[in-house]
Amino acid sequence: MNQQLTKTLGKQALVPQVDGLTSGSSKLNMRYSGDAANYTIHYSVGQQAQPFNATAVVDETAYATVTKTTYATTNAAAQQVGYRDNKSTAGLPTVDLGHQITAHIDAGAGQRYIMWNEGRWSLTVHANMMHEDAGVALAKQAVATFEQVYLPAPQSVGAITFDAISSGSGPLDQVIQWQAGKVVYQVKAQEMATAIKMAASMQ
């Protein structure tokens, strides 16, 4: 399917080389919309394998999407990423995530955000106060994963947002996006591990 994608979108198109699933699937389906400058690829697992970009795949619930968006300028692209520098977290309570990573915690209105920076990436894990331990656990899991899996280096900025509440439950709330010149790439998935695997494999 990737061969068909690059044939359609051009050899310069960045696409994941893995499906991001724990055990893979013989019923993996893929459809896309757009062109070489702006496209969205939907990944789903159906009742049966469908031809590439088949109409029937539209009715399947995507477990992940990959999007490329091209902006007029490099600055415009950077502004769309949502990068947060660590100056914005100064003075907030901290939590040790292991691997010499310390995150800051911003809480209010029943919501909790665990935030830290690694290289050119800003990372945020969202949880609510009822599931605050889940937020820390997911943040620690993310840090441990990034010790073994290397994401693309953003030209300028990248932003990652994971949601401990909806992880694996359906919404595509696990988001990794980064800038490459005038382009912003975005990977969204139901599960954090899926998003990381797919983003790390893009070429």
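Which residues does Ile-176 touch, not counting residues up to four places away in sequence? Select Ile-176 and then Trp-121, Leu-151, Ala-159, Ile-160, Phe-162, Tyr-185, Gln-186, Val-187, Ala-195, Ile-196 and Ala-199, which are its contacts beyond that span, where contact means heavy atoms within 4.5 Å.

Before going on, note that this is a predicted model, in which local features need pLDDT of at least 70 and side-chain atom pairs count only at pLDDT 80 or more, while totals for chains, interfaces and linings use all residues. Residues are numbered from 1 along each chain as its sequence is written, and side-chain values use heavy atoms, with hydrogens and water left out.

Next, select Leu-5, Ile-41, Tyr-43, Ile-114, Trp-116, Phe-162 and Ile-176, which touch the most other members of the largest nonpolar core, a group of 47 residues. Such a core is a set of buried Ala, Val, Leu, Ile, Met, Phe, Trp, Tyr and Cys residues joined through side-chain atoms within 4.5 Å, and buried means under 20% relative accessible area with a 1.4 Å probe and protein chains only.

Finally, select Thr-65, which counts as buried at 9% relative accessibility and whose contacts, neighbours within four places in sequence aside, include Ile-41, His-42 and Leu-172.

How values were computed: Buried means under 20% relative accessible area, exposed over 50%, partly exposed in between (1.4 Å probe, protein chains only).
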